Amino acid sequence: MNNTVTLKAFFGFKRHPFPPACAPEPLWRSDFLDAALLQAKNALASRLHLLVTAPPGLGKSSFCRLLMAELNPRDFRPLYLVGQPVGPSDLLRSVAEALGLESSFRRGKGAQLLSEGLEKLAASGPHPVLVLDEAQQLPIQGVEFLRLLAESHNRTLMSLVLVAADPFARRLARPDLAPLAGRLSLRVRIAPMTPDHTADFVAHAFTVVGMQNVLAPTALACLHAACAGSPRRVGAALALAMQRALDKRSKMLTDEIVQEVLDGEQP
């Protein structure tokens, strides 16, 4: 029996509460995230462009998933792409293919085809919303070119949701990027979790997979402080703590177990 199966059997879960990739559905959401999602949906209803930023590990991709799930398919057609260090032509082609539109390897032809395709979509179907995760990896000139194509004849044919690490927002302060920066009508910055948020996040993660909360309440403060309010780091620490608890045959993630894991994570 491998370690994963043993861990499942020991704690009695079907899905790990803190998996290494995406968290189990439904995703945890705080009061801040609820307010930010409402702002984002209102902005998209007005055909605006958005910027979402945060340091690594604070839930940018989870925010994308929550937002896309809440957009009414009768009104919106959400598309999700992860930014790659590619040229403008490759970016345009990826967007066109995601929309089911004709594309070309030539930049000029690709731009023409995408523009014509967006015009047709605007006349006949839900409003396209392109969520570009890890936007800091894209050539920023390519993002601006895409933004220009998404706007035609004083209409927004496609809304952009740029999701990026914090330095991306600072890059937008450059004078030559003022046209793009000025069109990002809503800016959402995801902040670290508060201590109460951390407690709610942990409780939610256990509940979603059908487990009792096995974290000792007295361990929350040190966990939150050591992980600086990062959901990713909290999840990673508790995944290690569950394995350590299995080794000790402890059904609780005690202060001692959590501290051992946190001490091991220190540089």
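A crossing of two helices is right-handed if the near helix is turned clockwise from the far one by less than a right angle, and left-handed if the turn is anticlockwise. In the predicted model described here, the crossing of helices H4 and H6 is right-handed.

The protein as a whole contains 12 helices and seven strands. Its C-alpha trace spans about 65 × 40 × 30 Å along the principal axes. The chain has 267 residues, of which 46% count as buried. Contacts between residues at least 6 apart in sequence were also examined: 73% of these join residues at least 24 apart.

Two packed helices are described by the angle between their axes and the distance between the axes. Helix H4 comprises residues 88-99 and helix H6 residues 140-150. Their axes come within 9 Å and cross at roughly 45°. Angles of under 35 degrees count as roughly parallel, and those of 65 to 115 as roughly perpendicular; H4 and H6 are therefore oblique to each other. On the H4 side, the residues that meet H6 are Pro88, Leu91, Leu92 and Val95. The H6 side of the contact is made by Gly142, Val143, Phe145, Leu146 and Leu149. By class, eight of the residues in this contact are nonpolar and one is polar, with no charged residues.

Helix H6 also holds glutamate 144. The relative accessibility of glutamate 144 is 15%, and because buried means under 20%, this residue counts as buried. When residues up to four places away in sequence are not counted, glutamate 144 touches Pro179 and Leu180.

The cysteines were considered next. The structure holds zero disulfides. Cysteine 227 is in no disulfide, and the nearest cysteine sulfur, that of cysteine 222, lies 8.9 Å away. A disulfide requires a pair of cysteine sulfur atoms within 2.5 Å. Cysteine 227 has a relative accessible area of 1% and is therefore buried. Cysteine 64 likewise counts as buried, because its relative accessibility is 1%.

In summary, the H4 and H6 pair forms an oblique, right-handed crossing whose contact includes eight nonpolar residues. Glutamate 144 of helix H6 is buried, as are cysteine 64 and cysteine 227.

Notes:
Residues are numbered from 1 along each chain as its sequence is written. This is a predicted model: local features need pLDDT of at least 70, side-chain atom pairs count only at pLDDT 80 or more; totals for chains, interfaces and linings use all residues. Side-chain values use heavy atoms; hydrogens and water are left out. Axes are lines fitted to C-alpha atoms, for helices over the stretch in contact, and angles run from 0 to 180 degrees between N-to-C directions. Helices (H or I, at least four residues) and strands (E, at least two) are DSSP runs, numbered from the N terminus. Angles under 35 degrees count as roughly parallel, over 145 as roughly antiparallel, 65 to 115 as roughly perpendicular and the rest as oblique. Contact means heavy atoms within 4.5 Å. Ala, Val, Leu, Ile, Met, Phe, Trp, Tyr, Cys and Pro count as nonpolar, Asp, Glu, Lys and Arg as charged, and the others, Gly among them, as polar. Buried means under 20% relative accessible area, exposed over 50%, partly exposed in between (1.4 Å probe, protein chains only).
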